Amino acid sequence: MFGLLGPNGSGKTTTLKLLLGLLFPSGGEVRVLGKPAQDVDKNERIGYLPEESYLYRFLNADETLDFYGRLFNMSAAQRKERRDALIERVGLQHARRRQLKEYSKGMTRRIGLAQALINDPDLVMLDEPTSGLDPLGTRDMKDMILDLKREGKTVVMSSHLLADVQDVCDRIAILYGGELKVLGRVQDLLQSTDETLFRTGQLSDAALADVKAALSKHNVELKDVSRPTATLEELFLKTVAESRERPGLRVTGTETPAQAGGGK
Amino acid sequence: MDFEQTSYGVAAGFGSWLIIVAVFAAFCIVVGLGLSLLVAGLKGPGMVAEMLFRGVRDLVTISCRRVLAIATLTFRECVRRKTLWICAVFILLIMFGHWFLGGNVETATIGGDAADTAAAMAQQREVDSSAAKRYVVFVMTAIKWMLIPVAVILSCWGLPADIKERSLHTVVTKPTRRSEVVLGRIMGFSAVMTLMLLAMSLLGYVWIQRSVPERAQAQLIARVPVYGTLNFKDRNGVETDRGINVGDIWEFRSFVEGMTNSRAVYLFDLENAPLEDLETLRLEYNFEAFRTHKGVMGENVRFSFHLVNPATGVDVKFPRNSTPIFEFSPDPEKRVVEIPRKLNNRNADIRLTGVSDETAQEAPEEVDLFDAIVSNRRLRVEVACDDGGQYLGMARPDLFFRLPDRSFSVAYVKTMVGLGLMLILLVTLGTTASTFVKGPVATLLIGSYLLTGLLMRGLMDEQLTRYREDGKPLGGSLFESVHRILTQNNQMTALEDSTMTRVIQKVDEWVLVWVAAVRSIIPDFRIFDGTPYLANGFDVPWSVRTLPALAITIGFLVPCVILGTYCLQMRELEAK
């Protein structure tokens, strides 16, 4: 899993489009899977999800996947098998007969990912796969990307959402102004060598005093002791999950309706 | 409407096509090399070679499945974007078209006194006699001018919209060749246009059959004419190229003088005519009378046919007492003379030419038209004017031998096939243009191309074929014509031999080369339109119009796909 990071305009999408042959390099040469970027044969092994899902909005999900399957010269039986599997994988069984123009943003990204995977590619290029998605959609998309990783596929994704890249990527490159600034494994790049983090169960005051004493004995400065907080994403996902299980629940947490704004 | 019915020569056409395509390709490569040298320096030619190689590979590895996928997508897109609703507009048009085409003479007049009624009924007959033509022209014009803009707009805007919306990105990032995109788009749009044409032509056919007044239904036919060559005899019976000029500026017709030996001599080649199956010979004429005196009031100028076999000297005058011409009648059936196969002294005047009156009785009393008159499957028909002091004007298409008529529906189908091929050609040109320019520009480009092919092609042909006796273009070309207008010299006047004249004529030579080059890459759109033939009730053999139309369509399709492939390949699809 390789992540292309950078602020808007840094050249992430341009890099992907150069790799795909949609743009021509003003200098140098671009090769993908050992072939020039302009060689369409390389596309046999590539799947591409554009930044926006630029699909044909007048087609439904079945027709969309069937169309892209035909572009890979797949037989009717292969296309049907692949189509059914992918629609199930991206969770669009309920909407497979609806035209894409009726799809929500999340559904559009899902069908976009499905079309990128129609040929069971070795290399998957994802341009801002989570942009515009709600946290739930983002989580689903990240799960699907992690599935690809488990299947052993090479995934190149560009994003400016750092948390998303950190969650799924093994290696990253940071671009700025069209130049490569950082390249390496996420683990190596983020690991701090001059600090140590303990994560334990609940400590009593006595136990905490003992720990402090032990650290002091070894001349180690204790910089911070705190209770960990969940991320907002985790809270959101938990709330949605609970709401699905208990549809009548209106307010979660300790805040009363009155405190939340008059109990309306 | 061109009466010349020359079968299309496939081999000759293919030869010319190869030359034009080769010259055009060489021109493009030279221009490409020049531009690449300017842009990329010495690396340029290598880049051009690589691009050419990639294009050739693109073209030879076309996958039918991918092409069909894109064609199906295009078809589906048009259907779901409600393009077919244009057919509904057509239905509306023909629903109310009858109001304007009926041509009923006011019945109040018919109910008036006897003279008015007779005049009104005569007028009604005249109106009815041209009804078939009006209805056919209406349907054909409506279909043609509703579908042509649709074909141009769909094809010119389809690909640019795909590029603008970036849907094409998801296609070209699959193993799809650019050639497949171009060909698939052309096929998809062509299928849509064909479907609409089929629907409209079916509706139009039913409407014509139901709407044309019963009295005019007989005109819904497809006449099969056989045209002959035309020569003349002067008043002394001596053969000559032309007849008499009665002072008409339009020299289309030459005239023969009444009650003299002056005749128009038509020679018909009946090589392919099924004479054995015919019991009558139908000749249809469209002569013009020129009167030097009023003649008998209320009576037309009279004429007769002389069926002559020069080998045996048999000369059969038919009809025996000559016949009046109906020169202004819109009903062609009035101008048909049916000559029975068996001719005898009751229906014809049989003579042997070159024998004196005393021996006239030696002429046979009865002759078989096809055995005694037709010689070497050639029929010689001489037309004589039988009114003294009057003249009869004729041109080559004014007399033809009518083979058994064909069904109107066959001619209708042929006309629709021609129109369908025209739509496919427009779709091809539009799609190709859209690979290198945006929608509005492509529309303007193809619109101009169509208008040039429809309206200017004749002018170009004339420029390139009208020469004076000294081999120079009649009246010169662009600059010489302007010079002649400004100096008030007509086409035939010799210009002053000066440096300026020589420069103008030299420049005009290059203008003519340019006109010839442009003419060779602009299709003759007129050949696709069989409406005048259909409306006037003529059948045109497949080999005369449909085959060249098909050849032109294929002839443009192949280079257009190649050109579109390269244009799309050179284009950075993501570039703003």
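**Figure 1. Pairing of strands E7 and E8 of chain A in the predicted model.** A:Arg171 has A:Arg185, in E8(A), as its bridge partner. Strand E7 of chain A comprises residues 171–176, runs antiparallel to E8(A) and is joined to E8(A) by 6 bridges.

**Figure 2. The open sheet of chain A.** Six strands are arranged in the order E4-E5-E6-E1-E7-E8, and their pairing is mixed. The edges are formed by strand E4 (46–49) and strand E8 (179–185) of chain A. Each of these two strands has a single partner strand, so one side of each lacks a neighbour in the sheet. On average, and with direction ignored, neighbouring strands of the sheet are turned by 15° against each other.

**Figure 3. Helices H1 and H4 of chain A against the sheet.** Helix H1 of chain A, residues 12–20, lies across strand E1 (2–5), E4, strand E5 (123–127), strand E6 (154–159) and E7 of chain A. The direction of H1 is at about 145° to E5(A). Helix H4 of chain A, residues 105–116, also packs on the sheet, where H4 touches E4 and E5 of chain A. The direction of H4 makes about 165° with that of E4(A).

**Figure 4. Packing of helices H7 and H9 of chain B.** Helix H7 (residues 131–164) and helix H9 (residues 178–211) of chain B have axes that come within 10 Å and cross at roughly 165°. H7(B) is therefore roughly antiparallel to H9(B), and the crossing of the two helices is right-handed. Residues of H7(B) in the contact include B:Tyr135, B:Val139, B:Ile143, B:Leu147, B:Ala151 and B:Gly158. From H9(B), the contributing residues include B:Arg185, B:Phe189, B:Val192, B:Met196, B:Met200, B:Gly204 and B:Trp207. Classified by residue type, the contact of H7(B) with H9(B) has 16 nonpolar, 5 polar and 1 charged residues.

**Figure 5. The contact between chains A and B, seen from the side of chain B.** In this interface, 25 residues of chain B are in contact with 24 residues of chain A. Helix H3 (64–80) and helix H8 (167–172) of chain B are the elements that give two or more residues to the side of chain B that touches chain A. H3(B) gives the most to this side, with 7 residues. By class, the side of chain B that touches chain A has 6 nonpolar, 6 polar and 13 charged residues.

Terms used. Residues are numbered from 1 along each chain as its sequence is written. Chains are lettered from A and ligands numbered from 1 in the order in which they are written. This is a predicted model: local features need pLDDT of at least 70, side-chain atom pairs count only at pLDDT 80 or more; totals for chains, interfaces and linings use all residues. Axes are lines fitted to C-alpha atoms, for helices over the stretch in contact, and angles run from 0 to 180 degrees between N-to-C directions. Helices (H or I, at least four residues) and strands (E, at least two) are DSSP runs, numbered from the N terminus. Angles under 35 degrees count as roughly parallel, over 145 as roughly antiparallel, 65 to 115 as roughly perpendicular and the rest as oblique. A crossing is left-handed if the near helix is turned anticlockwise from the far one by less than a right angle, and right-handed if clockwise. Two residues are in contact if their C-beta atoms, placed from the backbone, lie within 7 Å. Ala, Val, Leu, Ile, Met, Phe, Trp, Tyr, Cys and Pro count as nonpolar, Asp, Glu, Lys and Arg as charged, and the others, Gly among them, as polar. Two strands pair if DSSP finds at least two bridges between them.
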